[in-house]
Amino acid sequence: MLKQNSHDFQKSDLPKNRREVFFDCVKLRFLTFLWLGAVIAIFMLPLIAITFLKDSFDANIYIQASGGAMTEEQASAAAQSGNFLFNAAAVVCYALLAVGLAGVIRVIRQIIWAEGVFFRQDFFDGVRLNGGQYVVLAIFAGFVALLLNVAAPVDRTTVVLLAAVRFSAVLVFAPITLFCAAQTAVYKNGLIKTVKNSAVLYLKSLPTTLPFVVVFCLPYLITLVPVLIVKYVALMVFCLLVAPLMLTAWLLYACYIFDKFINKENFPELTDKGILGK
């Protein structure tokens, strides 16, 4: 009689929920996630570069103002001009990053669905099929950020008001954009329908979606680090190691929401897709 080795793979070892799918994917596809991180870092380079230029520009203004070469009014005007140019250039950088993310999320979809991954082909399929919608979303988000960041408060009341508007914009646009990115990777819908569906899904899943929004906003804190070498090392570590995992966690969560509100009635073949042990 044959004895089963305790280390032999068994059906009970297969993931039974999306949390287990996440850890299973990280364990089995760790090298692929590193490649995804490298791709994200490459497409982030333009944004990182202009951020570095802005930091250098701001530091130069501070030095000149401290040394008396600039008046306070001149320094303020220069800082506002630099802020506008940075945010305008960032719109283009967001669009370039969106192209890379379209391919990256396509590869992640293949991974979490337990389908064959052909990295180069899947990446370029994602860019070809979904890049257009991702770029439109990125440009829109960039212009919203431009409008909010170049607005200069004139007194304490407008400071509070502007902070409230920025906070509200993040709460509204960030989750809808995230749902749009996930939907575009899963379904073949037009942009307007995708945005409408994303808004409805956000409202229906508000209590569980908000924590994800908070987590996705945390990397912004890296940009506030005052020591530049620490700041840019942290940004690269985030791109290489953390960003692919965050995108994977979000896509798994979005698929759970899709199952709950869309797939069971409209796309039963997508329900629990990738949960092989269920």
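This is a predicted model: local features need pLDDT of at least 70, side-chain atom pairs count only at pLDDT 80 or more; totals for chains, interfaces and linings use all residues.
Residues are numbered from 1 along each chain as its sequence is written, and side-chain values use heavy atoms, leaving out hydrogens and water.

Start with helix 2 (residues 30–66) and helix 8 (residues 228–266), whose axes come within 9 Å and cross at roughly 145°. Helices here are DSSP runs (H or I, at least four residues), numbered from the N terminus. Axes are lines fitted to C-alpha atoms over the stretch in contact, with angles from 0 to 180 degrees between N-to-C directions. Residues touching across this crossing (contact means heavy atoms within 4.5 Å) include Phe33, Gly37 and Asp55 of helix 2 and Lys231, Pro244 and Thr248 of helix 8.

Here's how that contact splits by class (nonpolar: Ala, Val, Leu, Ile, Met, Phe, Trp, Tyr, Cys and Pro; charged: Asp, Glu, Lys and Arg; polar: the others, Gly among them):

| Class | Helix 2 with helix 8 contact |
|---|---|
| nonpolar | 19 residues |
| polar | 3 residues |

Now the rings. Rings of Phe, Tyr and Trp (its six-membered ring) pair if their centres lie within 6.5 Å; planes under 30 degrees apart are stacked, over 60 edge-to-face, and the rest tilted. That rule gives 13 aromatic pairs. The Phe43 and Phe123 rings have centres 6.2 Å apart and planes at 45°, so the pair is tilted. Phe43 lies in helix 2 and Phe123 in helix 4 (residues 119–150), so the pair ties together parts 80 residues apart in sequence.

Finally, the second largest pocket holds about 310 Å³ of space. A pocket is an open set of points on a 1 Å grid over the protein atoms alone, where a 1.4 Å probe fits, with protein on both sides within 12 Å along at least five of seven lines; lining residues have an atom within 4 Å of a point. Points are joined across faces, edges and corners, and the volume is the space filled by probe spheres set on them. The lining has 17 residues, with Pro15, Asp24, Cys25, Leu28 and Leu276 nearest the centre. Helix 1 gives the largest share, 5 residues.

Terms used
Helices (H or I, at least four residues) and strands (E, at least two) are DSSP runs, numbered from the N terminus.
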